[in-house]
Amino acid sequence: MHPFSSVCRRALCAAAFISVASALPAASLAAQSVGFSIVPTAERIQWSDNIAFEDDWLYGGRAAFRFGKAVELQPFYFTGRKYGIDVSRAPTLFGPASTGRTIDLEHYGLAAQLNLASGNIVPFIRGGGGIMRFKPDTGNRQDRLAVTAGGGIRFGIGQLQAELFAEHLGFRLDPLRLFSSDSLTGGTSVRQKNLVYGGAITIPLTVAPDDEDVDGLRGASAPIEPFVGRMRFDGDAGLS
């Protein structure tokens with residue numbers, strides 16, 4: 001594993017642990033006051049024109065930790081095996097080494113969701129960060145930092161809740177490096193802007209007291225910490 005990817009993955013795991021831990025009071029919050037759901041999900045990616053993948057589906061899900069009615073923390077994982085490649089555009093965008101190749105994709109990380117209402121129809125906004133992993137059938141694996149932002153609507157179906165959503169998925173990538181045997185071969189990594197949309201079913205496994213009795217949060221905190229930064233890469237990395 002590339003040292004930079006290893007550091008990013010460890011930092012992501014640490015951030016997920018700290019985020020969940022920080023939302024739990026040290027002594028006063030009982031475990032049953034935090035709601036927990038599993039959210040099987042299918043999402044379809046409409047790729048940037050600079051990437052020669054076919055628009056296709058990733059499958060997986062999220063685990064939703066609910067702190068009252070308004071705030072949820074959602075670790076997520078999605079995957080697509082032998083993902084479709086547009087053979088007519090691949091030689092131009094991915095290079096001649098992409099001919100006849102296949103690739104597996106993984107997307108995992110942590111998102112925060114803010115529910116904007118309560119009841120049977122709940123609009124929400126969601127944002128998060130994680131890793132977009134590209135695994136060619138042969139060659140070097142690439143892990144790219146990815147961010148998501150979007151929203152959707154959740155509505156009740158019996159004891160379950162269905163969800164429709166649309167999100168922006170952004171990361172930096174040089175397509176010529178995906179299928180190259182030399183990870184530094186190619187041009188400059190550029191920002192790839194992709195559209196993700198899909199649906200999910202929320203299956204609650206616990207019911208928190210806040211879900212029924214209290215508006216807002218009780219006995220929990222969900223800090224929001226905006227930050228701005230700039231990455232300065234080593235000159236030998238070939239990254240802008």
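Here is a short chat about the cavity and the nonpolar core of a predicted model.

Colleague: Hi! What should I know before I look?
Modeller: In this predicted model, local features need pLDDT of at least 70 and side-chain atom pairs count only at pLDDT 80 or more, while totals for chains, interfaces and linings use all residues. Residues are numbered from 1 along each chain as its sequence is written, and side-chain values use heavy atoms, with hydrogens and water left out.

Colleague: How many cavities of 30 Å³ or more are there in the whole structure?
Modeller: The search finds 1. A cavity here is a set of points, on a 1 Å grid over the protein atoms alone, where a 1.4 Å probe fits but cannot get out.

Colleague: And what volume does the largest cavity have?
Modeller: About 110 Å³, taken as the space filled by probe spheres set on the points, which are joined across faces, edges and corners.

Colleague: Which residues lie nearest its centre?
Modeller: Glu43, Phe78, His107, Thr148 and Glu167, out of 13 lining residues; lining means having an atom within 4 Å of a point.

Colleague: Which strand gives the largest share of that lining?
Modeller: E7, with 4 residues. Strands are DSSP runs of at least two residues, numbered from the N terminus.

Colleague: Switching topic, which residues have the most contacts inside the largest nonpolar core?
Modeller: Phe53 and Met132, in a core of 26 residues. Such a core joins buried Ala, Val, Leu, Ile, Met, Phe, Trp, Tyr and Cys through side-chain atoms within 4.5 Å, buried being under 20% relative accessible area with a 1.4 Å probe, protein chains only.

Colleague: Which strand gives the most to this core?
Modeller: E7 again, with 4 residues.

Note on methods:
On a 1 Å grid over the protein atoms alone, a cavity is a set of points where a 1.4 Å probe fits but cannot get out, and a pocket is an open set with protein on both sides within 12 Å along at least five of seven lines; lining residues have an atom within 4 Å of a point. Buried means under 20% relative accessible area, exposed over 50%, partly exposed in between (1.4 Å probe, protein chains only).
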